Amino acid sequence: MPADHVDWLRREGRIVIVGASLAGLRAAETLRAEGFAGELTLIGDEPYEPYDRPPLSKSVLLGKASPHRTELPHRREIDAKWRLGVAATGLDLSAKRVKLADGDEVEYDRLLIATGVRARPWLKADEARLDGVCLLRTRDDAADLYQRLKAGPRRVFVIGAGFAGSEVASACREMGVPVTVAERAGAPLVGALGGVIGAVAADLQTENGVDLRPHVTVTSLEGDPVGRVRAVHLSDESVVEVDVVVVSLGSVRNTDWLTGSGLGAGPRGIACDAGCRAFDFRGIVTDDVFVAGDVARSPHALFGYQFLSLEHWGNAVAQAETAAHNMICHGADRRPHLWMPAFWSSMFGVNIKSVGVPPMGDQLMITQGSLAERRFVGVYGYQGRVIAAVSFDNTRWLEFYARQIERGAPFPVEFPTMDRRPEGRQPVAADFPDPSLPTHGPTVTLTGYSPADQQLVFHPARH
Amino acid sequence: MTQAPLFHQITDFANRANPYPLYEELRKNPVLHEEEGGPYVFSSYWDIEALLHDPRISSDAANLAAGDDELSGPEATGLPPSFIRLDPPEHDRLRRIANSSFGPPHRPRRIDNMRGELGEIVTGLIDGFGDARQIDLVDQFAYPFPVTVICRLLGVPREDEPRFRAWVDPIVAGLDPDSRTSAESQRTAQEARLQLGMYLNGLVEQRAKEPRDDMLSDLVNSHGPDGAMTTMEVLSTAVLLLIAGHETTVNLITNGMLTLLRHPDILQRLSQDPGLSVKIVEELLRYEPPVQIVPQRTNITDIEVRGVTIPKGSRIWLVLAAGNRDPERFTDPERFDPDRGDIQHLGFGSGIHSCFGAPLARLETQIALSELARRLENPRLVADPPPYRQNAVLRGPRHLEIAFDGLRQAA
Ligand SMILES: Cc1cc2nc3c(=O)[nH]c(=O)nc-3n(C[C@H](O)[C@H](O)[C@H](O)COP(=O)(O)OP(=O)(O)OC[C@H]3O[C@@H](n4cnc5c(N)ncnc54)[C@H](O)[C@@H]3O)c2cc1C
């Protein structure tokens with residue numbers, strides 16, 4: 001591509017961003033910060049200016065923050081055309097047009113897709129429609145759930161003990177609302193952090209008065225004659241009477257609108273290269289379509305070039321910045337998105353943070369603190385190297401472990417660390433569930449082939 | 001002419017007024033070890049930042065290689081080390097208990113609620129300049145202000161200041177790495193800590209019987225999930241808070257006013273816009289941090305930094321003030337620029353020992369500087385550089401004479 005094309009693009013090109021939330025906004029700001037002077041359009045199906053989601057399952061549910069006051073702060077003027085409250089419904093790659101639900105079409109020279117994910121709904125549609133069956137992804141969801149919690153329900157039922165479900169349970173307990181949590185796996189957070197840490201999370205929940213039901217699934221939701229949910233039926237044949245059900249079964253990537261577009265988009269997200277350029281369905285990189293945030297999946301050198309989908313706030317920001325930068329610069333100035341994955345959560349008064357990719361780990365070592373005190377750092381190992389770390393109320397050490405991951409430090413961790421207890425001297429199995437079993441909300445999805453896992457035999461077609 | 005080792009030049013009082021050229025020298029050799037048994041000196045931002053988060057680095061003097069620890073180890077009659085000289089899990093437990101009476105989640109507004117009170121103290125002190133047209137900022141303002149505040153917060157009678165100052169001075173002198181070599185000054189410091197602890201013990205006993213709304217009462221009566229502090233732990237914590245609660249803020253305020261007087265355009269902006277004080281204080285913490293060096297760390301195992309192996313038990317100095325002006329980290333680091341957007345300085349340290357009192361120090365300094373800027377008419381330095389305190393770690397002017405044309409009315 002001639003260099004002057006990029007110069008022209010920066011001066012007067014048209015950039016369209018679909019998905020006006022965290023990644024979309026940060027990308028827009030970066031484009032302007034890096035000197036993009038052309039026309040910028042942000043398309044978002046929610047009727048609101050970009051807002052922050054993490055508070056929705058934390059302070060908003062506790063009434064400590066209004067769901068209407070979680071707007072993301074603007075870091076600079078972006079001078080954009082906002083198309084809010086209208087969904088993108090299609091993409092014409094060759095004509096470079098985005099189709100909108102209201103019939104409009106918007107042309108672009110460069111497109112950024114940041115449509116994120118949505119909450120996976122309850123699988124039986126008629127039951128999902130019962131009054132009191134809630135999801136938690138948007139501001140409206142949070143406002144609704146908060147009102148229901150405030151009304152003092154007899155009992156809330158949370159389906160799925162991933163991060164989001166566990167945070168909801170925590171909010172319920174803090175508000176004095178009885179809550180039951182059902183989880184297919186043996187403990188909360190196992191998909192994200194494995195069974196050893198999951199057991200700690202389980203204690204945390206039960207000690208805080210959560211009625212935790214591991215190893216069960218919900219078989220059906222029962223309504224009353226006027227269509228309000230009133231009971232939950234479980235695979236162990238038990239029935240729990242409730243007023244509110246929060247379905248917290250992980251997420252679905254917002255890629256439906258791209259069906260038939262020719263982009264490499266599907267239920268696992270949109271594949272892109274390390275520079276955030278989307279692949280088409282043939283695996284060929286596009287040069288004018290970029291992806292960022294929860295909807296993206298991209299290869300990461302630190303993790304064996306696995307394609308990672310990270311439902312992490314920090315990833316959305318970092319990837320948006322990289323995508324925006326790469327959208328308006330010459331090939332040689334492009335940067336790879338090699339962000340160190342980092343995720344935080346807080347529940348039952350405990351701060352949880354992870355770096356790296358815990359679900360890739362097969363072994364775990366508690367290098368600082370102790371599981372029993374629920375204050376510790378756990379290090380995950382994979383094939384002899386440090387691949388991730390998690391902390392409970394010990395966030396300040398994680399930077400160190402992030403650097404260990406970056407340099408592929410050996411595992412087990414042989415050197416002494418402060419506050420190493422006897423339990424932390426030997427690695428144990430991290431105890432992740434069989435990846436073929438569905439668990440919700442691991443927040444990281446590994447979807448590539450691991451280089452260690454090259455059973456794939458490739459037979460090129462002969463002409 | 002033979003040059004003294006760099007780390008001796010830093011502690012040498014002759015270089016106190018402007019150590020920054022020495023720090024620049026230091027950064028040329030980011031892992032500096034000049035003398036057998038001497039410290040490993042770190043001066044690059046990223047190295048310091050990494051070491052502050054490294055679980056192989058200890059703050060407990062007992063982990064120093066033999067020979068060094070007898071100086072700072074608790075003596076039979078001494079107070080136990082405060083949490084600043086402890087490692088997890090003890091450090092975490094004591095700091096959490098202390099924090100439960102100071103900050104979030106238990107007392108999220110304790111500091112912010114002091115805003116009005118801080119303003120009144122500042123107004124009172126400035127009014128107290130009276131008709132004078134020249135003041136010593138240190139003695140008349142920068143010292144009495146934080147002392148009054150920490151006394152109120154802890155519940156220590158302000159009138160006792162002359163008494164406890166006699167103990168505070170030798171304790172602070174004991175922190176100066178120059179006097180580290182002198183066992184004598186270490187003993188004096190230990191003795192003074194004990195004396196100060198005994199003085200505070202009187203107050204603590206009283207608060208155990210009749211609790212008030214102050215931190216001493218909270219410390220003696222703590223019954224959180226971490227249990228209670230022992231009396232000795234209460235005393236060493238109180239000694240720490242009393243000293244750290246003012247010794248550093250004095251310097252921050254004084255360094256701040258000195259810097260502003262050297263940058264009259266910014267002083268002028270501040271006098272119009274008190275809100276600018278937030279950015280100014282952050283930049284000051286980078287540019288002239290009150291704690292210049294953390295000289296009290298050691299490694300519990302051999303570690304490697306930039307290819308150099310630091311043997312277990314070495315003395316480690318983290319020169320925060322050098323890291324804060326590291327050109328690998330900050331653009332134009334030698335410039336005082338409150339408008340810089342990116343400011344993740346090391347002024348309050350980082351990691352588990354990052355400054356406990358940071359929210360208070362920030363607020364005090366913001367209020368102090370914006371009020372001084374607003375009320376002093378045409379202020380100017382009488383001597384530049386001013387005379388400095390002896391200490392290389394807690395660095396700041398001993399006096400700061402300021403002349404001005406008059407006082408504007410209090411708001
Ligand atoms: C309740 C909750 C709590 C969380 N807590 C944490 C946490 O503690 N820590 C953490 O690291 N992360 C947390 N996250 C995750 C974090 O919020 C996400 O990683 C982040 O929001 C991703 O940003 P994004 O812009 O990629 O996607 P999103 O925020 O999902 O934004 C995508 C936007 O695109 C819109 N959109 C979708 N399809 C279309 C279309 N066809 N046309 C137009 N617009 C469309 C969506 O409606 C949405 O507004 C939490 C998320 C939730 C929901």
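**Questions on the model**

Author: The model is a predicted one. Leaving aside neighbours within four places in sequence, B:Phe164 is in contact with B:Val147, B:Cys151, B:Val156, B:Leu196, B:Tyr199 and B:Leu242.

Reader: Which residues touch the most other members of the largest nonpolar core?

Author: The largest nonpolar core has 101 residues. Helix H12 (residues 231–262) of chain B gives the most to this core, with 15 residues. The residues that touch the most other members are B:Phe164, B:Leu196 and B:Met257.

Reader: How many residues are in the other core that lies apart from it?

Author: The other core includes A:Leu56, A:Ala192, A:Met360 and A:Leu398. It lies apart from the core that holds B:Phe164.

Reader: Turning to the interface, which residues of chain A lose the most area to chain B?

Author: In the interface, 15 residues of chain A are in contact with 20 residues of chain B. The area buried between the chains is about 1,600 Å², and carbon and sulfur atoms give 60% of that. On the side of chain A, 41% of what is buried comes from three residues together: A:Arg396, A:Trp397 and A:Met418.

Reader: Which side chains meet in a salt bridge?

Author: The rule finds one salt bridge across the interface of chain A and chain B. The N to O distance is 3.9 Å, and the cut-off is 4 Å, so the pair counts. The two side chains are those of B:Asp226 and A:Arg375.

Reader: Which helix gives the most to the side of chain A that touches chain B?

Author: Between chain A and chain B, four residue pairs are in polar contact. The residues on the side of chain A divide into six nonpolar, three polar and six charged. Four residues of that side come from the helix that gives the most, H8 (residues 398–406) of chain A.

Reader: Where is A:Pro412 placed?

Author: The peptide bond from A:Phe411 to A:Pro412 is cis, with omega near 0°. The place of A:Pro412 is the loop of chain A between H8 and strand S29 (428–429).

Reader: Is A:Phe348 buried or exposed?

Author: A:Phe348 lies in the loop between strand S24 (342–347) and strand S25 (350–356) of chain A. Phi of A:Phe348 is near 50°, a positive value in a residue other than glycine. Its relative accessible area is 12%, and the cut-off is under 20%, so A:Phe348 counts as buried.

Reader: What does B:Asp332 count as at 45% relative accessibility?

Author: B:Asp332 has a positive phi as well, near 55°. It lies in the loop between helix H15 (320–323) and helix H16 (358–375) of chain B. Buried would need under 20% and exposed over 50%, so at 45% B:Asp332 counts as partly exposed.

Reader: Which side chain does B:Glu35 join in a polar contact of 3.2 Å?

Author: B:Glu35 is placed in the loop between strand S1 (31–32) and strand S2 (40–42) of chain B, and at 31% relative accessibility it counts as partly exposed. Not counting residues up to four places away in sequence, B:Glu35 touches B:Pro5, B:Phe7 and B:His8. B:Pro5 is 30 residues apart from B:Glu35 along the chain, with their C-alpha atoms separated by 7.9 Å. The polar contact of 3.2 Å is with the side chain of B:His8.

Reader: Which backbone oxygen does the side chain of B:Asn391 reach?

Author: B:Asn391 lies in the loop between S10 and S11 of chain B, and at 5% relative accessibility it counts as buried. Leaving aside neighbours within four places in sequence, B:Asn391 is in contact with B:Arg16, B:Val172, B:Ala173 and B:Asp176. Its side chain reaches the backbone nitrogen of B:Leu394 at 3.1 Å. The backbone oxygen, reached at 3.0 Å, is that of B:Val172.

Note on methods. Residues are numbered from 1 along each chain as its sequence is written. Chains are lettered from A and ligands numbered from 1 in the order in which they are written. This is a predicted model: local features need pLDDT of at least 70, side-chain atom pairs count only at pLDDT 80 or more; totals for chains, interfaces and linings use all residues. Side-chain values use heavy atoms; hydrogens and water are left out. Contact means heavy atoms within 4.5 Å. Buried area is the accessible area (1.4 Å probe) that two parts lose on being put together, summed over both. A polar contact is a pair of N or O atoms within 3.5 Å; within protein, one must be able to donate a hydrogen and the other to accept it, and residues adjacent in sequence count only if both atoms are side-chain atoms. Helices (H or I, at least four residues) and strands (E, at least two) are DSSP runs, numbered from the N terminus. Ala, Val, Leu, Ile, Met, Phe, Trp, Tyr, Cys and Pro count as nonpolar, Asp, Glu, Lys and Arg as charged, and the others, Gly among them, as polar. A nonpolar core is a set of buried Ala, Val, Leu, Ile, Met, Phe, Trp, Tyr and Cys residues joined through side-chain atoms within 4.5 Å. Buried means under 20% relative accessible area, exposed over 50%, partly exposed in between (1.4 Å probe, protein chains only).
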